[in-house]
Amino acid sequence: MTGAPTVACPACDGTAPAGCHRCARQGLRRAQLVLTVANLDTGAVASHEVLPAGLDPRPQPAGGWAVDLTPRVRELAAEAGVAATVDPVAVPMPTAWRPDVPAAERQELAAQALAAAARPAWRVWVGRSTAPPPVDPAQRLGRLCALADLLLLDLVVEARRHGDALRWAVRYEVPGSPVPDLPPEPSFADLAAALAGTDVVDALTGLGERGRHAPARLLRPDPLRLLIPAAAVNVARVARRVRADCAGRAGGGRLPGAQAVWRDGRWWHTGLRPGDPAHDPVRQPAGPRRTRSHRPDGILRSRTPLRRAAEPPDPPWLGEPVPSQPCPACRPARRRVAWALSCATCAGTGRVHQAALVTLTDLRCRAVHLAWRAGVPEPVSAVSVRPGGRSVVRLPDRYRLGAWATVFGVRPEDLAEADGGHALPPDVRDGYVALPWAGADPVGEQVAAVGPALPAARLLITAVRPDAPPLAELLRLAHGLDLALLVNVLDLRRHPAAPMRAHGVLWSVDLRAPAAPVRPDDLPDRPSLAAAVAHCLECLDVTLPETAPADPRTPVPVPRSTPCPLPPDPVPGLRRLAARHAGRPLSVRFTPAGRTVHRHDDDGVRLLAEGVDLPDRRLT
């Protein structure tokens, strides 16, 4: 094909000054959809190109016409040897489409339908030859409950009304967190589906946002409590009770939702009711400033939050409140209301905690709870003096999270924040603190470094090795998809004199279009290769569609590949090359045609070498 079929964008003609998210100011939209299934175990890739002329609409039970592509995706999965459950894939036709309209008009309507459905224009399913075992809802709910007790958190099972149906979600919260204004995403049609789609990492994601306004209290964990196994959990019973609470009491009408909260080894049930109206400041729009008489510095947005009808009693492991101070960056006399919620110091809470409650866990059966309190005198060792006269000191072992990693049998670089999986800054990981002035409180500076706006002053750290395949598997996948694999690496092992900065070997891995250039911002940011590979695989559903050509007139490639052996492991060569260019970031592009090596210098990105193999020497 010399070009992809296109249709005119219904939203703009390509001259919209603010751009158009549908066509990126092209004025055209691509009427082509490519479906691809790739096998990470074998490298096999199967694809199917969908064009307007190939659509075969069928009548739908609810009326109208649509093209069901789900069977075709299943055929591609079988061809690639991928064991995958495929969600429905369909192309609904415009209401004007009928079999009896003229052929030219049918073709135009089909192109419009395909352009609307082809967002993204390339849909890729990456799977393995063997399907993972099905999730047992009762077993998963029991594990989530046991971890809630271990981590001193609430496990919340929530159902919210969505029209005439209920949408379910499962998540962790710190006690005292308010009910989120918006229904959580993703949500599911029933509790069993919510448990199947929510593992421990999913339940922890968003913990910081949900707990931003929760009260901060010290923890008093009972070490004997951790030895008690979680009670048997009856999923159907929990679901029935939540549904009953959504229905409300006799004469009270239906409620907008309900929750079951697992706290301190038992369930607490409550309905959700509308709370008092709240008014949030929002940013001013561009142009002449609009004001309210009672709020000259900003405008207000009204909302009606939900609240629990009954709050569970405090668990016995909650202690006295964590001391706090008013935020020095956004005191009322110094701030504009319109910007109150964007304060980087307190995240809009107006308070700065004077302690950090740190929990390290393997997400299985072990947890360590630490309390770092500002103002507590600790013996420190002097390390260096930074430019500007700020001295760097190192705190004792209990403040060095990297030292705790050995307790869990992982490497310090494997430690990550439980909410989001972000790597820990090297100074926080190793207990280094830069004192702003002589006599400053080292522990207080460490507390400020981990974040004064933590949810309820809590920081949850996972001590788990990343679950990632070898880099060679990702390289084989890139070749099968006709893409380039970009590996960025930076060796900082020869720079021990900068304890506050990153050290070790940093990595990042990405899949790119074959012709995409290396950019100046292609820099490594992951503390280990395994973490970089795991992050790349986790983001494939976003990064792969972005490799499609931006010009809608350029067709999306239709990759195909048969099973093939793994290519030679490139990691030893990458490590040697990075060591020979220590202190300088390198970007190595792997394509089926060969490899190119780029170095990031002060004046930009420079091509160092290109060829079939990685060079075994330092390049200048």
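Helix α11 is followed by Asp482, whose phi is positive, near 60°. Helices here are DSSP runs of H or I with at least four residues, strands are runs of E with at least two, and both are numbered from the N terminus. The model is predicted, so local features need pLDDT of at least 70 and side-chain atom pairs pLDDT 80 or more, while totals for chains, interfaces and linings use all residues. Residues are numbered from 1 along each chain as its sequence is written, and side-chain values use heavy atoms, leaving out hydrogens and water.

**Exercise 1.** Find how many residues of α11 are buried.

*Solution.* Start with the cut-offs: buried means under 20% relative accessible area, exposed over 50%, and partly exposed in between, with a 1.4 Å probe and protein chains only. Next, go through residues 471-480: 9 of the 10 are buried. Among them are Leu471, Glu473, Arg476 and Gly480.

**Exercise 2.** Decide whether Cys246 is buried or exposed, and do likewise for Cys365.

*Solution.* Cys246 has a relative accessible area of 1%, so Cys246 is buried. Cys365 stands at 58%, and therefore counts as exposed.

**Exercise 3.** Work out which elements give two or more residues to the lining of the largest cavity.

*Solution.* First list the lining residues (those with an atom within 4 Å of a cavity point): Glu158, Ala159, Arg160, Arg167, Trp168, Ala169, Pro183, Pro184 and Ser187.

How values were computed
1 Å grid on protein atoms, 1.4 Å probe; cavity = no way out; pocket = protein on both sides within 12 Å on 5 of 7 lines; lining within 4 Å.
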